[in-house]
Amino acid sequence: MTDKDREGMHHHHDHDCDCGHEHDDDLDFEEDDIFLVTDEEGNERELVMVYSFDVDDRAYAVLIDRNDPESDGFIFRIEEENDEAFLADIEDEQEWEKVAAVYNQLMED
């Protein structure tokens, strides 16, 4: 993950939002909801999917750091291949702007 990617993906996620999910330090997450992501410095982070939404028939996920649930969230595109889902960086600036606008609108509603 490059600095540009991280800057583009790192969006403030208001944990007092009314988005239908809980943020509790004591939550036990299912292993299926936890994704290991390695940043450009080689640090491995456990990210937990807390919300998903669709934009133009593509699925996106909001994830927070399992060990720091009060930190800002990250948005990734959900890709599927051979019946397995994985996270993909949003590298296209136009796609990112559209996804961020939809996400922000969802959080305001």
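The model is predicted. The protein has 2 helices and 6 strands, arranged along the sequence as α-β-β-β-β-β-β-α. Of its 109 residues, 37% are buried.

**Overall figures**

- The accessible surface of the protein is about 7,100 Å², and carbon and sulfur atoms account for 37% of that area.

**Nonpolar cores and aromatic residues**

- The largest nonpolar core consists of 16 residues. The residues with the most contacts inside this core are Tyr 51, Phe 53, Tyr 60, Val 62, Ile 75, Val 99 and Tyr 103.
- Strand E3 (44-55), strand E4 (58-65) and helix H2 each give two or more residues to this core.
- Another core, of 8 residues, lies apart from the largest one. Its members include Val 37, Leu 63, Phe 74 and Ile 78.
- As a general background, nonpolar side chains in soluble globular proteins tend to be buried together.
- There are 3 aromatic pairs in the structure.

**The E5-E6 hairpin**

- Strand E5 (residues 73-81) pairs with strand E6 (residues 84-88) in the antiparallel sense, over 5 bridges.
- The two strands form a hairpin with 2 residues between them. Glu 81 stands opposite Glu 84, the latter in E6.
- Asn 82 lies in the loop between E5 and E6 and has a phi near 55°, a positive value in a residue other than glycine.
- Asn 82 counts as exposed because its relative accessibility is 70%, above the 50% cut-off.

- Asp 56 is placed in the loop between E3 and E4. Its phi is near 50°, again positive in a residue other than glycine.
- With a relative accessible area of 55%, Asp 56 is exposed.
- For comparison, most residues other than glycine have a negative phi.

**Glu 95, a buried acidic residue in H2**

- Glu 95 is in helix H2, which spans residues 93-108.
- Its relative accessible area is 13%, so Glu 95 is buried, the limit being under 20%.
- Leaving out residues up to four places away in sequence, Glu 95 touches Arg 58, Tyr 60, Arg 77 and Ile 90.
- The side chains of Glu 95 and Arg 58 make a polar contact at 3.3 Å.

**Asp 65, a buried acidic residue in E4**

- Asp 65 is located in strand E4. At 8% relative accessibility, Asp 65 counts as buried.
- Beyond its neighbours within four places in sequence, Asp 65 is in contact with Arg 45, Glu 46, Leu 47 and Ser 71.
- A polar contact of 3.4 Å links the side chain of Asp 65 with the side chain of Arg 45.
- Asp 65 and Ile 34 are separated by 31 residues in sequence, and their C-alpha atoms are 9.4 Å apart in space.

Methods. Residues numbered from 1 in each chain as written. Predicted model: local features only at pLDDT ≥ 70, side-chain atom pairs only at ≥ 80, totals over all residues. Heavy atoms only, no water. Helix = DSSP H or I, 4+ residues; strand = E, 2+ residues; numbered from the N terminus. Buried < 20%, exposed > 50% of the residue type's maximum accessible area, 1.4 Å probe, protein only. Polar contact = N/O pair within 3.5 Å; in protein donor to acceptor, adjacent residues only side chain to side chain. Contact = heavy atoms within 4.5 Å. Phe/Tyr/Trp six-rings, centres within 6.5 Å; stacked < 30°, edge-to-face > 60°. Core = buried A, V, L, I, M, F, W, Y, C linked by side-chain atoms within 4.5 Å. Pairing = 2+ DSSP bridges. Areas by Shrake-Rupley, 256 points an atom, 1.4 Å probe, with all protein chains shown as cover.
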